[in-house]
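Student: I have a chain open in the viewer and I would like to talk it through with you. Can we go one topic at a time?

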Amino acid sequence: MFRRSLPATVLTLYGLIWMVGCGYVVGTPYRQDVRTVHVPTFQNETFRRGFETRLTEAVQKQITQRTPYRLAKSPGADTRLTGRIISI
């Protein structure tokens, strides 16, 4: 009897390990206590100017399109996302 259930058990464990390894998440991947995000202009440590503004705008656009978060000004935001360009 034990030999019959062993392949099923091994197969079930293999399936669970495979699902965990692929990045599946049970529930929402977003924090429930955060609703607003402030994204200040990224710092640019390169000699190419203008990329910090373009990158900041792109990140802000993706936040509004792909997440439930809203953009907000610094004093009223629940969290803050900062960035720094070190190489282009």
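Predicted model: local features only at pLDDT ≥ 70, side-chain atom pairs only at ≥ 80, totals over all residues.

Student: Ok, and what is Val-37 in contact with, leaving aside its neighbours within four places in sequence?

Tutor: Val-37 is in contact with Ile-63 and Tyr-69, and also with Arg-70, Leu-71, Ala-72, Ala-77, Thr-79 and Leu-81, once neighbours within four places in sequence are set aside.

Student: How much of the chain is buried overall?

Tutor: Of the 88 residues in the chain, 17% are buried.

Student: Switching topic, how many helices and strands are there, and how do they run?

Tutor: The chain contains 2 helices and 5 strands, and if you read from the N terminus on, the elements follow the pattern α-β-β-α-β-β-β.

Student: Which strands form the sheet?

Tutor: It is an open sheet of 3 strands, in the order E3-E1-E4, and the pairing is parallel. Strand E3 (70–71) and strand E4 (79–80) each have a single partner strand and stand at the edges, so one side of each is left without a neighbour in the sheet.

Student: And what holds paired strands together in general?

Tutor: Strands of a sheet pair through backbone hydrogen bonds, and the pairing can be parallel or antiparallel. Here, strand E1 (residues 36–38) is joined to E3 by 2 bridges, and Thr-36 has Arg-70 as its bridge partner in E3.

Student: Is Thr-36 buried or exposed?

Tutor: Thr-36, which is found in strand E1, counts as buried because its relative accessibility is 7%, and the cut-off for buried is under 20%. A polar atom of the Thr-36 side chain lies 2.9 Å from the backbone nitrogen of Asp-78. Leaving aside neighbours within four places in sequence, Thr-36 is in contact with several residues, including Arg-70, Gly-76 and Asp-78.

Student: How far is Thr-36 from Ala-72?

Tutor: In sequence they are 36 residues apart, while in space the C-alpha atoms of Thr-36 and Ala-72 are 5.8 Å apart. For the chain as a whole, residues 24 or more positions apart account for 75% of the contacts with a separation of 6 or more.

Student: New topic: how many salt bridges does the structure hold?

Tutor: The structure holds 2 salt bridges. In one of them the side chains of Asp-33 and Arg-31 meet, at 2.6 Å from N to O, and both of these residues are exposed. Glu-45 forms a salt bridge with Arg-84, where the closest N and O atoms are 3.2 Å apart. That pair links distant parts of the chain, with Glu-45 in the loop between strand E2 (43–44) and H2, and Arg-84 in strand E5 (residues 84–85), 39 residues apart.

Definitions and conventions:
Residues numbered from 1 in each chain as written. Heavy atoms only, no water. Pairing = 2+ DSSP bridges. Helix = DSSP H or I, 4+ residues; strand = E, 2+ residues; numbered from the N terminus. Salt bridge = Lys/Arg side-chain N within 4 Å of Asp/Glu carboxyl O. Buried < 20%, exposed > 50% of the residue type's maximum accessible area, 1.4 Å probe, protein only. Contact = heavy atoms within 4.5 Å. Polar contact = N/O pair within 3.5 Å; in protein donor to acceptor, adjacent residues only side chain to side chain.
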